[in-house]
Amino acid sequence: MALTDIAWDAFLELDPVEKSRHLNQDDGRPFHVLMTRQFDRKALDTLGELATRIRFLAKTKEGMTFLAGLLPHRRAMLYFTQPSTRTFLSFCSACEILGMRIGNVRDTATSSELKGETKDDSVRTFSSYFDCVVMRTQVGGLAERMAWVLSNSERPVPIINAGSGKDQHPTQALLDIYTLQRSFEDCGGIDGKTVVFVGDLLRGRTVRSLSALLTNYEGVHQVFIAPPELQVADDVLAILDASHVTYEQGDDLAAAVPKADAIYMTRVQDEWDTEKGASAKIDIERYWLKETHLEQLKPDAVIMHPLPRRHEIPPSIDNDPRAVYWRQMRNGMWIRTALLATIFECDGDIYAFSQA
Amino acid sequence: MALTDIAWDAFLELDPVEKSRHLNQDDGRPFHVLMTRQFDRKALDTLGELATRIRFLAKTKEGMTFLAGLLPHRRAMLYFTQPSTRTFLSFCSACEILGMRIGNVRDTATSSELKGETKDDSVRTFSSYFDCVVMRTQVGGLAERMAWVLSNSERPVPIINAGSGKDQHPTQALLDIYTLQRSFEDCGGIDGKTVVFVGDLLRGRTVRSLSALLTNYEGVHQVFIAPPELQVADDVLAILDASHVTYEQGDDLAAAVPKADAIYMTRVQDEWDTEKGASAKIDIERYWLKETHLEQLKPDAVIMHPLPRRHEIPPSIDNDPRAVYWRQMRNGMWIRTALLATIFECDGDIYAFSQA
Amino acid sequence: MALTDIAWDAFLELDPVEKSRHLNQDDGRPFHVLMTRQFDRKALDTLGELATRIRFLAKTKEGMTFLAGLLPHRRAMLYFTQPSTRTFLSFCSACEILGMRIGNVRDTATSSELKGETKDDSVRTFSSYFDCVVMRTQVGGLAERMAWVLSNSERPVPIINAGSGKDQHPTQALLDIYTLQRSFEDCGGIDGKTVVFVGDLLRGRTVRSLSALLTNYEGVHQVFIAPPELQVADDVLAILDASHVTYEQGDDLAAAVPKADAIYMTRVQDEWDTEKGASAKIDIERYWLKETHLEQLKPDAVIMHPLPRRHEIPPSIDNDPRAVYWRQMRNGMWIRTALLATIFECDGDIYAFSQA
């Protein structure tokens with residue numbers, strides 16, 4: 001059983017790879033979903049295949065009705081105390097596709113924390129009424145703590161990290177991988193492709209997570225285009241070095257575009273500025289994608305963005321067939337559905353039904 | 001396909017009647033529901049008949065179970081950034097009667113607009129996870145804009161205007177018409193009746209919309225009883241003139257009561273006062289319905305009110321059989337259910353089942 | 001029909017026992033659930049037995065699917081204007097177990113009360129769209145008023161009091177009784193047991209309600225351990241006197257522990273302090289349960305707490321098999337499910353299915 005065989009203090013001292021081993025069930029199936037490191041190449045392939053099955057089933061009323069009959073006896077708590085629209089709605093949709101019922105807490109002002117309850121007790125409360133807790137919070141490490149507390153209570157239920165503090169947002173990385181899988185399914189898959197990350201590479205958790213997950217694939221070349229103040233952090237590069245991945249850094253977007261199989265645009269995350277207005281001093285416009293760049297972009301390349309966007313991509317590019325960011329967002333719903341189906345072990349039913 | 005054949009700027013310049021032609025599907029079925037002008041006599045009759053079928057089905061568990069099986073594969077986003085209880089709850093109920101799942105955004109503080117996302121992108125986000133967007137907002141014209149944006153995206157979904165700015169609230173007008181249809185179904189229908197509007201006729205969107213919709217009926221006489229400062233606006237009268245409808249204006253409620261087949265009471269909408277307290281200077285009590293008026297009211301007339309009320313109708317009148325405002329509110333649920341069933345094309349199934 | 005045969009002013013003047021007689025249906029089944037006095041020994045036994053049936057059914061997908069098919073045609077409004085996590089979530093869960101749809105109002109800022117609507121009208125609005133209203137409010141007596149208003153409208157629907165003002169919280173008392181029933185089911189039931197209440201006995205509505213409900217059982221001895229400023233109120237003792245129940249008061253927790261079959265711990269309710277910080281002057285630590293007390297506690301005794309807790313029980317005690325407060329919380333979900341099933345008359349179906 002995940003996390004029951006280790007004390008909290010000992011777990012905290014583990015490095016990420018060792019931590020991730022404690023989060024899965026004995027058969028390798030994820031129980032808690034806390035970090036991208038839990039997912040190896042095989043797990044990513046399996047999850048993507050399941051998401052595609054679900055996506056096709058969802059095209060018909062018959063398929064939707066089948067899916068909604070899988071987990072009507074399960075209930076999910078969405079505990080979102082950090083502002084979020086798309087991750088919240090995407091998880092809602094994923095739960096409902098499988099027939100799960102949803103409760104939510106979005107504002108701790110309506111909760112018993114006002115009465116002096118500890119967060120440990122609050123989460124045990126949720127777990128009393130729900131079969132899993134999807135959690136998004138500004139407090140780094142909270143999802144890990146909650147997973148440990150629940151695993152060691154009389155009612156262990158899975159925790160899914162939907163964004164925690166500055167670093168981890170594993171389901172976003174999963175949807176990015178799924179988007180790349182779909183984009184390259186007719187041209188050899190992700191192996192050997194060049195991915196160009198652009199923008200605020202220092203503070204975007206999506207870039208950190210996706211870059212690390214890509215080390216699961218053979219020969220992926222990573223390019224980081226950013227203003228020097230916002231270049232990707234050394235710990236990200238250390239992971240690439242350890243995995244013998246090739247990469248380059250630079251600040252010339254136009255020069256990078258022709259190499260790209262995928263361009264991953266990001267917005268400046270100025271909500272993390274330590275000094276107010278610091279980001280405004282950076283000449284960020286050099287890192288915006290423009291229509292003129294499109295001429296240099298390979299015909300079967302894709303343009304991604306985790307959204308929300310500001311000015312990094314003008315709406316006029318939305319109609320270019322290589323712009324996949326709206327589809328990418330919708331992929332989040334499919335991959336989260338696949339993840340829930342995997343945790344609650346109804347993936348077998350889905351394969352059986354979709355082959356019939 | 002609605003709104004795909006016209007540029008935004010060109011659409012904006014159309015007059016309401018021309019606009020409304022762009023909102024329906026080719027077979028005349030509404031796609032987006034933005035303005036009362038979309039509904040002609042035939043559409044109103046059809047919708048009312050469908051609402052009645054649904055209302056009868058909903059009386060039994062068998063009928064409710066049938067209805068809930070119609071749209072379990074569809075999901076509605078309720079985007080309500082303007083305070084509302086009854087319209088919100090009424091749409092929730094309508095969706096759930098048909099088995100639709102619901103997501104809601106009621107406070108933009110929890111959304112990605114904080115991160116600088118445009119409203120166009122926010123609505124495209126909602127549409128990614130939902131099959132229709134029901135929208136209530138203080139911003140006039142926003143629902144139109146959103147409808148156009150979605151129609152011209154890769155995932156067009158219908159927008160239903162649940163109150164937008166000062167002027168349009170089409171589903172309120174539909175429920176008012178349905179209430180009149182039901183009230184007069186045994187005495188010749190709406191044609192030839194006299195409707196007396198009382199109160200703040202200048203700023204109530206319900207009066208504006210209902211008055212215009214009544215021009216679809218033959219020989220309806222409209223009477224506007226209001227303080228001079230709050231009399232009905234000239235553009236409303238212009239529509240009546242153009243339709244050759246007879247009407248009169250005045251400030252003597254007692255004199256109007258005996259003529260009425262329907263009295264439509266309204267409250268002072270002082271939230272729209274441009275000068276604080278302006279409404280308080282008006283002697284509004286002269287426009288309150290009193291028990292003494294009831295003696296002069298025809299025995300088969302009806303008293304309506306869009307609710308919420310203040311003092312325009314004392315609670316003691318609630319028990320008079322001619323007081324239909326509570327039923328009127330519930331009619332909103334039925335007519336909205338009928339509207340959703342029409343948009344998602346399950347009206348045929350409902351007729352088939354209710355005739356079996 | 002409940003509450004239809006008495007005027008509001010006359011109802012208000014009744015004593016609690018007489019009031020409670022007006023809240024049930026003619027066959028003794030609760031219609032409105034407003035006060036603990038509505039439940040006699042037989043009603044408590046019946047409700048507990050039904051909760052246990054439901055609890056066992058809920059262990060399987062087949063049973064959950066059966067339960068969810070009972071009330072899919074019913075909708076509940078959760079009107080919670082006082083902060084609450086666990087009561088809210090527990091009622092949500094109870095409704096969903098039976099397949100009921102849920103609407104909620106948690107913040108009157110989004111409602112029509114802003115437009116000057118009376119509470120009477122607001123509740124009639126909810127009742128228009130829903131089949132019952134679960135209500136939690138800081139305003140004492142509001143649930144009673146609403147029950148009366150609805151019973152005397154054209155659409156009477158039940159009101160369930162989920163905590164109203166300082167005194168009544170009947171479903172909490174029901175879950176406490178159910179926890180005692182389960183705890184003592186193999187050792188003679190509740191009759192003859194000793195229950196020790198500890199902490200803030202003056203202001204906790206749970207203590208007031210449970211103490212009164214226990215008078216339904218034979219020979220239950222009650223012990224009240226509290227600082228003198230927070231001792232149980234005279235009106236509670238008056239009920240015990242009238243029922244010839246034995247009790248004692250004191251401030252020595254250690255001396256009371258060995259006598260206890262159940263210890264009912266509570267937190268200081270300082271949100272009710274009339275003078276800010278008044279509670280902080282009390283040496284409350286003497287009324288905290290410590291691990292050293294456990295040695296003196298009978299092996300088959302139980303430790304209860306309505307939660308949320310602060311420091312009255314250290315988390316280290318959670319793993320003691322006599323600590324039942326987490327199970328107690330979950331019992332709230334089962335007893336509320338049983339209550340809804342009783343009100344909507346599907347208890348017979350549940351017995352039939354669970355015996356098959």
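Two strands are taken to pair if DSSP finds at least two bridges between them, and strands (E, at least two residues) and helices (H or I, at least four) are DSSP runs numbered from the N terminus. On that basis, chain A holds an open sheet of five strands in the order S7-S6-S5-S8-S9, with parallel pairing. Strand S7 (247-250) and strand S9 (302-304) of chain A stand at the edges of this sheet, each with a single partner strand, so one side of each is left without a neighbour in the sheet. From one strand to the next the twist averages 15°, where axes are lines fitted to C-alpha atoms, for helices over the stretch in contact, and angles run from 0 to 180 degrees between N-to-C directions. Strand S6 (residues 221-225) of chain A is joined to S7(A) by four bridges, the two strands running parallel, and within this pair Val223(A) stands opposite Glu248(A) in S7(A).

This is a predicted model, in which local features need pLDDT of at least 70 and side-chain atom pairs count only at pLDDT 80 or more, whereas totals for chains, interfaces and linings use all residues. Residues are numbered from 1 along each chain as its sequence is written, while chains are lettered from A and ligands numbered from 1 in the order in which they are written. Chain A averages a pLDDT (the predictor's confidence in each residue, from 0 to 100) of 91, and 97% of the residues score at least 70. The model as such scores ipTM 0.86 and pTM 0.90.

**Domains of chain A**

An automatic or database domain assignment supplies the domain bounds, and chain A is divided into domain 1 (8-169 + 331-345) and domain 2 (170-330). Taken over C-alpha atoms, the centres of domain 1 of chain A and domain 2 of chain A are separated by 26 Å. Each domain brings 24 residues to the contact between them, residues being in contact if their C-beta atoms, placed from the backbone, lie within 7 Å. On the side of domain 1 of chain A that touches domain 2 of chain A, the elements that give two or more residues are helix H3 (41-57), strand S4 (159-164) and helix H13 (325-343) of chain A. H13(A) supplies the largest share of that side, six residues. By class, the side of domain 1 of chain A that touches domain 2 of chain A has eleven nonpolar, seven polar and six charged residues; here Ala, Val, Leu, Ile, Met, Phe, Trp, Tyr, Cys and Pro count as nonpolar, Asp, Glu, Lys and Arg as charged, and the others, Gly among them, as polar.

**A sheet in chain B**

In chain B, four strands form an open sheet in the order S2-S1-S3-S4, and the pairing is parallel. Its edge strands are S2 and strand S4 (159-164) of chain B, each of which pairs on one side only, and the twist averages 15° from one strand to the next. Strand S1 (residues 75-80) of chain B and strand S3 (residues 132-137) of chain B pair in the parallel sense over five bridges, with Val133(B) in S3(B) as the bridge partner of Met77(B). Helix H5 (residues 86-97) of chain B packs on this sheet, touching S1, S2, S3 and S4 of chain B, and its direction makes about 180° with that of S1(B).

**Arrangement of the chains**

A rotation of 120° with 0.0 Å of shift along its axis superposes chain B on chain A with an RMSD of 0.0 Å, the superposition being by least squares on the C-alpha atoms of residues with pLDDT of at least 70 in both copies. The two copies are thus related as by a three-fold rotation axis. In chain B, the C-alpha nearest the axis is that of Arg101(B), 5.9 Å from it. Chain A can likewise be laid on chain C by a turn of 120° and a shift of 0.0 Å along the axis, with an RMSD of 0.0 Å, and of the residues of chain A, Arg101(A) comes closest to the rotation axis, at 5.9 Å (C-alpha).

The chain contacts are set out below.

| Contact | Residues from each chain |
|---|---|
| Chain A with chain C | 18 residues of chain A, 20 residues of chain C |
| Chain B with chain A | 18 residues of chain B, 20 residues of chain A |

Strand S2 (101-105) and helix H6 (119-129) of chain A each supply at least two residues of the side of chain A that touches chain C, and the largest share of that side, five residues, comes from H6(A). That side of chain A has three nonpolar, eight polar and seven charged residues. On the side of chain B that touches chain A, H6(B) gives the most, with five residues, and the residues of that side divide into three nonpolar, eight polar and seven charged.

Key: Two residues are in contact if their C-beta atoms, placed from the backbone, lie within 7 Å.
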